[in-house]
Amino acid sequence: MKIHSLIDNDFYGSDSEFIKYNPFTFEKLHEIQNCDMMGVVKAVQSAQRAFQIYKNSLLTERVLLIEKISEILCLKQNEYAYLEALDQALPLSFVRKNSVDLSLQNIESLKKQKPMEAHCSPTGVIVIVASWNLSLRVILDRLVPALLAG
C-alpha cells in the first residue's frame with residue numbers, strides 16, 4: 001500500500017518516501033511518501049479556502065459530520081485497529097481498547113456537550129501536525145472539538 005498526503009481532495013507526495021515493515025514478520029507493509037514544504041503550503045492554502053465555507057456551517061451540520069465520522073469508525077473499527085496495531089507494533093487488544101473504543105466514547109461524550117451556537121465563533125484554521133502513524137485517538141481528540149467549534 002502507498003500512503004500519500006490528501007490535500008485539497010488530491011493525493012500529494014514528494015519524490016521522497018520510506019518503507020514501513022511489519023514489526024512481527026518484517027514484510028513490507030507500506031510505502032509512505034514524505035510531504036515536503038510545498039505540500040505544507042498547499043495544505044494551508046486548501047484549509048484557508050475550506051474555512052471560508054465551513055465557518056458558516058450550522059452546529060447541527062457539524063454534529064452530523066461528527067456522527068458520520070463516528071459511523072465510519074464504528075463500521076471499520078476492526079480494520080483500523082489492526083492497521084494501527086501493526087504500524088505501532090502494539091497488541092491488537094490494546095489498540096482496540098485504548099484507541100478505537102476510546103475514540104468512539106470520546107466522540108459520543110463531545111456530542112452530548114454540544115456547544116451553544118452563541119459560544120461558537122470560528123476565527124481561523126486549526127492545524128494538527130501529526131505523523132503518518134499517530135494513534136487514531138490522539139488525532140480525533142484534537143479534530144472532533146475543532147470541527148464542532150466551526
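Visitor: Which residues form a nonpolar patch on the surface, with about 440 Å² of accessible area together?

Guide: This is a predicted model, in which local features need pLDDT of at least 70 and side-chain atom pairs count only at pLDDT 80 or more, while totals for chains, interfaces and linings use all residues. Residues are numbered from 1 along each chain as its sequence is written, and side-chain values use heavy atoms, with hydrogens and water left out. A nonpolar patch joins side chains of Val, Leu, Ile, Met, Phe, Trp or Tyr within 5 Å, from residues with over 30% relative accessible area and no salt bridge, the areas coming from the Shrake-Rupley method with a 1.4 Å probe and only the protein chains shown as cover. Here the patch is formed by Met37, Met38, Val40, Val41 and Val44.

Visitor: Is Val41 buried, partly exposed or exposed?

Guide: Val41 lies in helix α1, residues 37-54, a helix being a DSSP run of H or I with at least four residues, as a strand is a run of E with at least two, numbered from the N terminus. Buried means under 20% relative accessible area and exposed over 50%, with partly exposed in between. At a relative accessible area of 35%, Val41 is therefore partly exposed.

Visitor: Which residue meets the side chain of Arg49 in a salt bridge?

Guide: A salt bridge is a side-chain nitrogen of Lys or Arg within 4 Å of a carboxyl oxygen of Asp or Glu, and the N to O distance in this pair is 2.7 Å. Arg49 lies in helix α1 and its partner in the loop between β2 (5-7) and β3 (10-12), so the pair ties together parts that are 41 residues apart in sequence.

Visitor: How far apart are the closest N and O atoms of Arg137 and Asp141?

Guide: Both residues lie in helix α5, 4 residues apart, about one turn of the helix. Arg137 is partly exposed at 25%, and Asp141 is partly exposed at 27%. The two form a salt bridge whose closest N and O atoms are separated by 3.0 Å.

Technical notes: Patches are made of residues with over 30% relative accessible area and no salt bridge: like charges are joined within 9 Å, nonpolar side chains (Val, Leu, Ile, Met, Phe, Trp, Tyr) within 5 Å. Buried means under 20% relative accessible area, exposed over 50%, partly exposed in between (1.4 Å probe, protein chains only).
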